[in-house]
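Hi,

Here is the structure I promised to pass on. Please open it first, then read my notes below.

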Amino acid sequence: MVVLLKKNAPQQQLDSLTAWLQSMDITPHISVGSHQTIVGLVGDTSKVDMDVIRAMDIVEDVKRIQEPFKNANRKFHPEDTVIEVGGARIGGGNFCVMAGPCSVESEEQIVEVAKAVKQSGAQVLRGGAFKPRTSPYAFQGLQGDGIKLLLLAKQETGLPIVSEIMDASHIPLFEDVDIIQVGARNMQNFTLLKELGKLRKPVLLKRGLANTLQELLMSAEYIMAGGNEQVILCERGIRTFETYTRNTLDLSAIPVLHSLSHLPVIIDPSHATGQSKLVPPMALASAAAGADGLIIEVHNDPAHALCDGPQSLTPEDFHTLMQKVGGILPYAFR
Ligand code: PEP
Ligand code: MN
């Protein structure tokens, strides 16, 4: 971080800036030029609030040279993080597909879908028990009972499970859930992220509807700062002016996140597009662009699904897609 001082900054104020920085273990390097005095900050500047410095009377401008995230940063951790869950490996060139219904609806439904997606090569079963719905009158999920049904499907098939948490008070219910999902709407629920940071369990962190990649990485940092390093980043489309698709899939997130971070990156083409016919092409594009995996909604009866039926693949369509994904992977860009 570099701080540019105003002309004729009083020495006394410069001294108090220096002392304040030193109290945070930052070493200030002051270079006095004929036109401008510059203070270079050396040390871990991830904890320094730029806005506080910018607001000081003697400061003209402040610039960050290094990214504000540390634990998630590839610069400090050059090798890819590989997360292992129940036999599945996510990251580091391993491709992992998570599939299942948007929401768990019944024992019959979740077990049937679990068996089908496993047969087609999915390594993790997805299923929402707590559903963040836009309308309070829409199906809210089976909640605790939904988790029990997922555990039953896990027992039947041996597939590890991923499910979304909406409130930190529900953490005890997720004890046997293999991967906890933080949905797009909760990406910046910092209280929830801090609680998940106390766990030692993989977290699938979805990008918010209108969040930058840096904000996504800062949210990952919240979880990692607590000591939980098992974070999987998920791009699920962002809101743009386009209305034909539910969201706009930001495929460039894959190489950008891979360059900035060592964490695995998976793509959700279901919520990105909102239409089942658009899911396979976007899934294939994601695999080709170097994603570490996919999370895809699959339902045994999409027309009658209680949530997100229009974007859900049938087990047959999912099977066809999985075969095509297998064909792309040897040529994927990494
Ligand atoms: C989901 O995975 O069912 C979901 C609600 O996703 P998102 O948070 O990306 O909207
Ligand atoms: Mn959904």
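**Where the ligand sits**

Ligand 1 takes up the space of the largest pocket. Keep in mind that this is a predicted model.

That pocket has a volume of about 320 Å³. Its lining counts 20 residues. P132, R185, R236, R246 and H271 lie nearest the centre of the pocket. By class, the lining has 10 charged, five polar and five nonpolar residues.

**What surrounds the ligand**

Which residues are around ligand 1? Here is the list: C102, R126, K131, E164, Q181, G183, A184, R185, K206, R236, H271 and E297.

- R126: 2.8 Å from an N or O atom of its side chain.
- R185: 2.9 Å from a polar side-chain atom.
- K206: 2.8 Å from a polar side-chain atom.

On its own, ligand 1 has 290 Å² of accessible area, and the protein covers 97% of that.

**The second largest pocket**

Its volume is about 250 Å³. The residues that line the second largest pocket are N71, Q188, F190, Q214, E215, M218, S219, E221, Y222 and A225.

**Domains**

How is the protein chain divided by the domain assignment? Domain 1 covers 2–63, and domain 2 covers 83–328. Their C-alpha centres are 43 Å apart.

Best wishes

Terms used: Residues are numbered from 1 along each chain as its sequence is written. Chains are lettered from A and ligands numbered from 1 in the order in which they are written. This is a predicted model: local features need pLDDT of at least 70, side-chain atom pairs count only at pLDDT 80 or more; totals for chains, interfaces and linings use all residues. Side-chain values use heavy atoms; hydrogens and water are left out. A residue is near a molecule or strand if one of its heavy atoms lies within 4 Å of it. A polar contact is a pair of N or O atoms within 3.5 Å; within protein, one must be able to donate a hydrogen and the other to accept it, and residues adjacent in sequence count only if both atoms are side-chain atoms. Accessible areas come from the Shrake-Rupley method with a 1.4 Å probe; for residues, only the protein chains shown count as cover. On a 1 Å grid over the protein atoms alone, a cavity is a set of points where a 1.4 Å probe fits but cannot get out, and a pocket is an open set with protein on both sides within 12 Å along at least five of seven lines; lining residues have an atom within 4 Å of a point. A molecule sits in a cavity or pocket if more than half of its atoms lie within 2 Å of its grid points. Domain bounds come from an automatic or database domain assignment. Grid points are joined across faces, edges and corners, and a volume is the space filled by probe spheres set on the points. Ala, Val, Leu, Ile, Met, Phe, Trp, Tyr, Cys and Pro count as nonpolar, Asp, Glu, Lys and Arg as charged, and the others, Gly among them, as polar.
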